[in-house]
Amino acid sequence: MTSYLVVTRIAIILWINLTVMPAAVAFDAIEAELARRGIEP
């Protein structure tokens, strides 16, 4: 039973990371562009 809970926990964490990743990449790109233009975020 414990092994199922561990696998489920890992699956949930991976799914959340994959879901949030596009937003993180977009925010990084926006911050990089602002820094390139010399604007402090």
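Analyst: E33 and R36 sit three residues apart in helix α1 (residues 2-37), so about one helical turn separates them. Their side chains meet in a salt bridge, at 2.7 Å from N to O. Here a salt bridge means a side-chain nitrogen of Lys or Arg within 4 Å of a carboxyl oxygen of Asp or Glu. The model is predicted: local features need pLDDT of at least 70, side-chain atom pairs count only at pLDDT 80 or more, and totals for chains, interfaces and linings use all residues. Residues are numbered from 1 along each chain as its sequence is written, and side-chain values use heavy atoms, without hydrogens and water.

E33 also pairs with R37. The closest N and O atoms of that salt bridge are 2.8 Å apart. Both residues lie in helix α1, four residues apart, again about one turn of the helix. Together, E33, R36 and R37 form a network of salt bridges. The count comes to two salt bridges.

Now the exposure. Relative accessible area sets the classes: buried is under 20%, exposed is over 50%, and partly exposed is in between (1.4 Å probe, protein chains only). E33, at 28% relative accessibility, is partly exposed. R36 is exposed at 61%, and R37 is exposed at 59%.

The setting is simple to state. The chain has one helix and zero strands; helices (H or I, at least four residues) and strands (E, at least two) are DSSP runs, numbered from the N terminus. Buried residues make up 0% of its 41 residues. The C-alpha atoms fill a box of roughly 55 × 15 × 10 Å along the principal axes.
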